[in-house]
Structures are given as C-alpha cells and as structure tokens.
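Visitor: Could you walk me through this one? I'm new to it, so please take it slowly.

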Amino acid sequence: MGMLEGKRILLGICGSIAAYKSAFIVREFIKKGAEVQVILTPSALRFVTPLTLATLSKRPALSELVADEERGVWNNHVDLGNGADLMLIAPASAHTLAKMARGEADNLLLTTYLSAPCPVFFAPAMDLDMHAHPANTENIELLEKRGNIQIPAESGELASGLSGTGRMAEPEHIAGFLENYFAEKAPLRGKRVLITAGPTYEAIDPVRFIGNHSSGKMGFALAAVFAKAGAEVTLIAGPVSRDTPRGVERINVTSAAEMFDATLPRFEKADIALLSAAVADYRPSAPAETKMKKKDAVLQIDLEPTKDILKTLGGMKRDGQVLVGFALETENAEANARGKLEAKNCDLIVLNSLQDEGAGFGHDTNKVTLIGHNKKMVLGLKSKEETAGDILDHILTELL
Ligand code: CTP
C-alpha cells in the first residue's frame, strides 16, 4: 500500500502564483488514496478558485474562520487539525511563513496551523531575492527548529522572469517527499502479515449452521493498524459484514476448513501471523445435503473436531517468524493461556478474559493481557484500535 493511502491531509494554500499548482497537488494526493481538506488564505483566493479545489478534493475548500456570520457557523480549526495525519502548506508564501514564525492567527490557515498536532510540511514559493532575504531564511530556520519540515524550493525560471531558487517544488516531488517521510517512519515496511478474524460457520444443513458471536472487530482493527505501519496485510475473514481496512487484501471464508485452506499456504511467506479468529472447534461430521425436517424426537448431531490452524502453523514455524494466538478464557485464564503458548508453539498469546467487563465479543473495547515466554503485560480497558496498536508496539519491541 502506498504511504499516502488513507492519510488525512490538510493542504494550506497561500497567495502565490504557484497556487495554480496546488490543484495538481490535490490531484496527486487523491490519486494516491489520501483524503484532502483544502484551506486557502484570503489572498490565495485571488489566484485559484475554491470551486476547482473542492471539485478535485471532493469536499468544500475552506477559507473563512466564520463560514456563515448570520447563522453563527464557523469552521472549527481545532477539529480540522486533530483529525489530520499531516498538514502541508504549499505554496508557502514569505508572508505566511513570517506569520507562522510569529504565531499570528488572523486566518483559518494560520489558526489551523497553530492548533494542529500533526507533522507540518511547508513548500516555499517566492522570488529568488525574497527567498534569500535573511528575514525569510531566518523564519524558515526558526520553523524548522520547531519541528516543521521544509520541502525546499527548486531552481528554475520564476514568475518574475528571473531565474534562481524560489520555485515551489513540483507537485510530484512534493508527493514523493511525503511518501519517503512516511516510508522511513513505517516500521513494518516490507513485512508480510497474515491475520485471521471473525467467526466460522459450520453447516448443519444448507440453511443452518453452528457459529459464535465473534464480531471480527479485533482482527479488523489489527489489519488496519498493521497496514498503517507499512506491512502488506492479508486478512482471512470469517462471515462478518465489516468494511475492509484500506490497503488490506481480504479473503472471505465461511467454515473452519475454508479458513485452514486459505491460511496455510500463505503462512510460509508471512513474517507475522496473528490468529484472532474464533474458529469452531467442532463441526457436524455429516451435514445434511437437504434441509432437515422437524421431527418430534430429540435431535442429535454428531460433531467432529476441526483442524487447529494455530497449532498447525506452530508446527510449521521457522526462525524469524512471529506467531500470535488469541485465547478467550472464562476460568484459570493465565494458566490456560500459558498452556496454549507452549502447546501451539506461539511467540505471544493475547489473553481475553470474559470475566472482565467490556472485554470480548461484540464490545468496542477490550481488556487483554499479553503473555509471552519471558514477559507478561496487562493492558487496561481500551478501544480495540488502541489494543491493536499496543499489540503492534509489543511485537516491534519484544519480538522482531
Ligand atoms: N484456533 C485455530 N484453529 C482452531 C481453533 C482455534 O487457529 N481450529 C486459534 C484461534 O484463532 C486462537 C487460538 O487458536 O488464536 C485459541 O483458540 P481457543 O479456541 O481459545 O483454544 P483451543 O485450543 O480451541 O482451546 P479451548 O477451546 O479448549 O480453550
């Protein structure tokens, strides 16, 4: 998955002739799967129209702090900043750079800049003498010292007719710069991750099955978090209706046998496998080919064990592969989880105790304990996304 895929980008546009290139920046980002929210300074409106940018970004382009004075509607700069993965100011004019350095907040772009907790990039665009002026170079230095990241201006012909450094970096260079930045920060770049999720259904007859209450939330959250960390993720999903996280390859299966067949051949190439699916331990040994008719007598269905996917992978595991199992326990939780860690040759068991309130099937939250061979870690009650993030951190620090 590309490094900009799924990223939420705030694009700030200043009053500069290079503003016409912002349209190409938006197009480049959208093509790469990012979401783009455009914010223009009032003087940028003289160079490009919000309509062009709104059409390309597929959402309104904002420029006013107060959207509708009469109805008291304002554009919330704090919300804009909070939801973003990065803010890019391109073109960044000398004037806006100076205001950013001084902490001025007289327009929507600047208030958003000051309140955005995400990384901020800026691509200066100005004439060569303005660019080289100590007032400007010192502002840029100060902004960099504070952690803002410059995408340096390029050399070439300028709008003034002069030639020198000051042209805004080309849109594809800007996109490449950002991709490199995130690629270097992606700890699982080049790694393959296999995840199982959700329940399995075991057919009794063509219309009935034995299943369980697993929602697949935990496995889907893991897939999203590992994909964001740069991994190539394959998600083998039991029957759940959930959206596939961005950049994740999804394979739908129904039964334990199908999950087994889908997972096994993919394990060899995987660096990490996380088996969060609630796989049925038993299945009807002879499912009826036609719908079973109701009778007065007691109905008995013979069940046979399914193949244990986790245990099979544990037997195949080679050096360097990380295998993570999940355990849902109602009693002797830790001892049982440790037993599974050994018996299934795992590197880590994520233990879910049903005794904990807010943990387990169907909840948005989870309370798990990570049990490894040398380390145990109790995580508090968290959202499944946060729990997935903690599992990722644990694997990065302890198992890779
Ligand atoms: N698992 C699996 N294949 C199965 C059954 C379970 O891959 N046929 C995996 C689950 O995805 C989970 C782990 O094994 O990662 C633990 O499953 P669990 O059902 O708790 O363990 P069991 O070994 O089946 O033991 P028990 O049901 O007796 O607790």
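Guide: Gladly, and please keep in mind that this is a predicted model.

Visitor: Where is Asn139 found?

Guide: Asn139 belongs to helix α7, which covers residues 134-145.

Visitor: And is Asn139 buried or exposed?

Guide: Asn139 has a relative accessible area of 18%, and because buried means under 20%, Asn139 counts as buried. Leaving out residues up to four places away in sequence, Asn139 touches Leu97, Ala98 and Ala101.

Visitor: Okay, switching to Gln37, which strand is that in?

Guide: Gln37 sits in strand β2, made up of residues 35-40. Gln37 is buried as well, with a relative accessible area of 12%.

Visitor: What lies 2.9 Å from a polar atom of its side chain, I mean that of Gln37?

Guide: That is the backbone oxygen of Pro60, at 2.9 Å from a polar atom of the Gln37 side chain.

Visitor: New topic: how do α9 and α13 cross?

Guide: Helix α9 (residues 217-228) and helix α13 (residues 384-399) have axes that come within 8 Å and cross at roughly 55°. The two helices are therefore oblique to each other, and their crossing is right-handed.

Visitor: Which residues meet there, between α9 and α13?

Guide: From α9 the residues are Lys217, Met218, Ala221, Leu222, Val225 and Phe226, and they meet Lys384, Glu385, Thr387, Ala388, Gly389, Ile391, Leu392 and Ile395 of α13. Sorted by class, this contact of α9 with α13 has nine nonpolar, two polar and three charged residues.

Visitor: What is Gly6 in contact with, leaving aside its neighbours within four places in sequence?

Guide: Gly6 is then in contact with Gly33, Ala34, Asp85 and Arg246.

Visitor: And how far apart are Gly6 and Glu157?

Guide: Going from C-alpha to C-alpha, Gly6 and Glu157 are 35 Å apart in space, while in sequence they are 151 residues apart.

Methods. Residues numbered from 1 in each chain as written. Predicted model: local features only at pLDDT ≥ 70, side-chain atom pairs only at ≥ 80, totals over all residues. Heavy atoms only, no water. Axes fitted to C-alpha atoms, helices over the stretch in contact; angles between N-to-C directions. Helix = DSSP H or I, 4+ residues; strand = E, 2+ residues; numbered from the N terminus. Parallel < 35°, antiparallel > 145°, perpendicular 65-115°, else oblique. Left-handed = near helix turned anticlockwise from the far one by under 90°. Contact = heavy atoms within 4.5 Å. Nonpolar A, V, L, I, M, F, W, Y, C, P; charged D, E, K, R; others polar. Buried < 20%, exposed > 50% of the residue type's maximum accessible area, 1.4 Å probe, protein only. Polar contact = N/O pair within 3.5 Å; in protein donor to acceptor, adjacent residues only side chain to side chain.
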